[in-house]
Amino acid sequence: MHRSQPRQNQPRQNQPRQQQNVKVTTNSFEISSLPVKEYTQYDVERLVANHPKVFTPEVTIPRKRQEIIHKLQTVVAPEIFSPRAVYDGNVLLYASKPLKLTAEGTGNFSVSLTAVSPQSAATYTRGVYNVKLTETIGESVRTSDMTRLINGRQSDSKTLTATNLLQLLIRQEPNQKYVNNGRAYFTPQGSRPIGSGLELWRGFFQSVRPAIGRMLVNIDTSVAAVYAGGNLIDVCLDFLGKNDVRALALDEKSPNFRALQKHLKDLQINTLTTRKRVRTIYGLVPAAGTYIFPKDDREISVQEHFKAAHNITIKYPNIIGVRLSSKKSGSPVVVPAEACTVLPGQLYKKKIPDHLTKAMVDFATVKPVDRLRQITSGDMGVESPVKGYANSEFLVEAGMVIDTRPISVTGKILETPVLWYGNQNQVMPHEGAWNLRGVKLQSPAGMECWGVVNFCSSIRAGQVEQYMKSMADSCRVLGMSTKPPIDIIQGLGSAVERSLDGLLNKALTHGYARGKMIVIAILPARAPALRTRVKHWGDIITGTRTQCLCEEKVKRANDQYWGNVGLKLNARLGGHNSVTQSAVIDELMKEPFMIMGADVGHAGPGILKPSVTSLVWSYDRFATQYAAFTGLQNPRVETIEGLRDMFKRAVISFGMRNNPPGRIVFFRDGVSEGEFDHVLKVELGAMRAAIDDVWKEKEVQRPKPKLTFIVVGKKHHIIFFPQDNSTRDRTGNCRAGFVADEGISRPVTLDFYLQSHAAVKGTSRSSHYSVLVDEIFQNDLAKLQQLAFALCHVYAKATRSVSIPAPVYYADLVCSRGDIHFDPETNLRFADDSSSTDSKVSRSFNLELWEQEFRPINENMSKSMYFL
């Protein structure tokens, strides 16, 4: 096995002559002086609320934990915490000099968030928190340990701890001032309401990253969705898109009641009667003013109680209110909505609703030149963090200095691969895009049997015929032989499967095999449930190809749109759209090879659903056609548990069409840097075991294939800004094909950044490639970069290069389609977020229940690119 080694041991290969060296600015800043102080580490062992009668669990809200520790250091025991220690928001605290605790190295403190002096924070009273600190056993944390890492040696626990300390030092001050998620902080300046009870805030992301020979601070602009603050009635009306308070007179069975309850659950509020005391919403109550509860040996309504006890008249007794206690509580606490105020600045941690995605993208879109200016100086109502480092009490105390000038690095512009279409037509992409005017597809498929089901009542039958004529004409222009549709029918949203069955049965009666049929389904905008039913019927139940078209796009369709639909249809029907030619592809083609993409897709935060795994693999000699396997596994497991079986089936299937593969390139998506070693150990072992199985079972005499294992990362914040017009495209970004492998690369793992696409607008973000094993190219970065760039040009749905290799994109698409594998009538709702989770529930997650309901792809679709 040729495992990637520390960077200084890796010889640089000569780059091809056609590559152009260029200089760019990054959003990274050098730490010119590492901390000179040694830090003592303490465990925050207890952070619990004290109450004489009621057991209160440990404080889990990071914002409150930070507030408690801040109060401890500044009010309760400032003489002990001088200078102030840095806190990670969880269980660790670091002090630049040992704290004066007991001889045993422990300290117990009582902290009140409401008391103004430490004396008034009496133990065992409401709102008082007990904190226990214990000095950890071990050496002090020395940031000088970082020199072993940045000089190219393997990282260890000391370097990881030192890196974590640096992260805390740069984030500590802004995170105490602003709303934050730990890694980024946000401010309300320039915020934008977007409806559905949400608004968007701007802020800054900060992270310390090791590079060869130096430590860097990566700073980027960031955007977060935040719950709208203010009167609860206004927040609820905004969520529902209503103006009349009477719209909140909901009963528990109402879909709006359930949706609103899901949205508000766990939000923090103040009430008119408790003032500054923060309360948490557990649920909703209909007609809260009329809710009856026992008091002083009699029953009284909430409305009557508020008048008698607080002299507050409830104006809307028949609308919803909130429940501020759990359902298990013997005496539920119910407060009318009009008496509640949602605290501002609470981060929305769920997936943004689909209808708000455009608003989110528009708000976050910033031109490269503006983004760099915001990063270096800040013009969003708050200064850039780089401007505040010199005055941070934590950095000054540590003796840590960060250069305020962003670093420059040297990169290259890769040669653009050539695309071959039909009749030996050669197409050369320009700035990441190309058009098919006058060009036929490389291997066009025929649309011999197809029909249309229109589920949109706003589109008349005559319009559908015209739309389909335009689509068919575009397919013919691309070289696809296209017969007239066997029928165009009006579908019923209440009887989706019956409508589709009717069209399929008509094709079967005409003598067509169901594997030859493709159904065009025209769907209303924002109809995910309808689309799921169509795909479940086609991909799972009947094995019939389907192509869904969105009503909004169909109504404004032009030749380019229909041409893109033609690309999808051709790929679904087994045709080749184009073939990519590059030196590295030519080298791979000297013997049979496979390109694979793999991913694990997790449910959103707080949602208890299984994770979806995927493996896509090329089965043609050009690596342009792909098949896919998918499965389920326990939530939040990062390794692909079923990889051995999927890998084995893929290799066998490839061998049935070709000779056994001699080389396999495996692109893995969705792995964090901290998981590299574990994922590599588990998944590379599974791949080797699968190869052993195949070679033994099939008695293969050829040598076993060489493997290359590359992790592709998209969720980083490294950005490259061009310094001159030779590097700049029309949007102000670096040109497609820009690659950087020096200056900001990690010292431990062989890696590079490739900006393979051209942004339509805003700032482009490159993808980060980490080469964990390379037996094929022997760590020749030039060839690995060329391969990745070439594969970004074979994405079947587009005439643009994409940001990640096509097989990685396909693996992501497969994971996103987990809902189609479940019967729409099942009680298990995979597509929604109705199942919240906590630690107790997670431990008893029943994967077997989900696996029993999971349905695999129909065999007829196994060699179809159904996931497009």
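Q: I'm new to this one, so what caps the N-terminal end of H3?
A: In this predicted model, the N-terminal end of H3 is capped by Asp 156, which has a side-chain oxygen 3.0 Å from the backbone nitrogen of Lys 158.

Q: And how many residues does helix H3 have, and what does it reach from first C-alpha to last?
A: Helix H3 covers residues 157-177, which makes 21 residues, and its first and last C-alpha atoms are 31 Å apart, close to the 30 Å expected at 1.5 Å a residue.

Q: Where does H3 bend?
A: The bend is at Arg 171 and amounts to about 45°, with a proline, Pro 174, following within four residues.

Q: Switching to sheets, what is the strand order in the open sheet with parallel pairing?
A: That open sheet has 4 strands in the order S26-S25-S27-S28, and their pairing is parallel. Its edge strands are S26 (488-490) and S28 (545-550), each of which pairs on one side only. From one strand to the next, the twist averages 20°.

Q: How many bridges join S25 to S26?
A: Strand S25, residues 449-454, runs parallel to S26 and is joined to it by 3 bridges. As one example, Val 452 has Ile 488 in S26 as its bridge partner.

Q: Which strands does helix H11 lie across?
A: Helix H11, residues 461-477, lies across S25, S26, S27 (517-523) and S28, and it runs at about 145° to S25. Helix H13, residues 528-542, lies across S27 and S28, running at about 165° to S28.

Q: What about the open sheet with antiparallel pairing, what is its order?
A: The order there is S12-S20-S13-S14, again for an open sheet of 4 strands, with antiparallel pairing. Strand S12 (230-231) and strand S14 (279-280) are at the edges with a single partner strand each, so one side of each is left without a neighbour in the sheet.

Q: And over how many bridges do S13 and S20 pair?
A: Strand S13, residues 268-271, and strand S20, residues 340-342, pair in the antiparallel sense over 3 bridges, and Asn 270 stands opposite Thr 341 in S20.

Q: Which residue sits with a positive phi in the hairpin of S16 and S17?
A: In that hairpin, which has 2 residues between the strands, Asp 296 takes a positive phi near 55°. Asp 297, found in the loop between S16 and S17, also has a positive value, with phi near 65° in a residue other than glycine. For background, most residues other than glycine have a negative phi, and most peptide bonds are trans.

Q: How do S16 and S17 themselves pair?
A: Strand S16 (residues 292-295) and strand S17 (residues 298-301) pair over 4 bridges in the antiparallel sense, and the bridge partner of Phe 293 in S17 is Ile 300.

Q: Speaking of peptide bonds, which residues does a cis peptide bond join?
A: A cis peptide bond joins Ser 82 and Pro 83, with omega at about 5°, and Pro 83 is found in the loop between helix H1 (62-76) and strand S3 (86-87).

Q: Last topic, how many aromatic pairs does a search of the whole structure find?
A: The search finds 18 aromatic pairs. In the pair of Trp 617 and Phe 629, the ring centres are 5.9 Å apart and the planes are at 35°, so the pair is tilted.

Q: Which strands do Trp 617 and Phe 629 lie in?
A: Trp 617 lies in strand S31 (residues 611-618) and Phe 629 in strand S32 (residues 626-633), so this pair ties together parts that are 12 residues apart in sequence.

Key: Residues numbered from 1 in each chain as written. Predicted model: local features only at pLDDT ≥ 70, side-chain atom pairs only at ≥ 80, totals over all residues. Heavy atoms only, no water. Expected span 1.5 Å × (residues − 1). Bend = angle between axes of the 7 residues up to and from the residue. Polar contact = N/O pair within 3.5 Å; in protein donor to acceptor, adjacent residues only side chain to side chain. Pairing = 2+ DSSP bridges. Axes fitted to C-alpha atoms, helices over the stretch in contact; angles between N-to-C directions. Contact = heavy atoms within 4.5 Å. Phe/Tyr/Trp six-rings, centres within 6.5 Å; stacked < 30°, edge-to-face > 60°.
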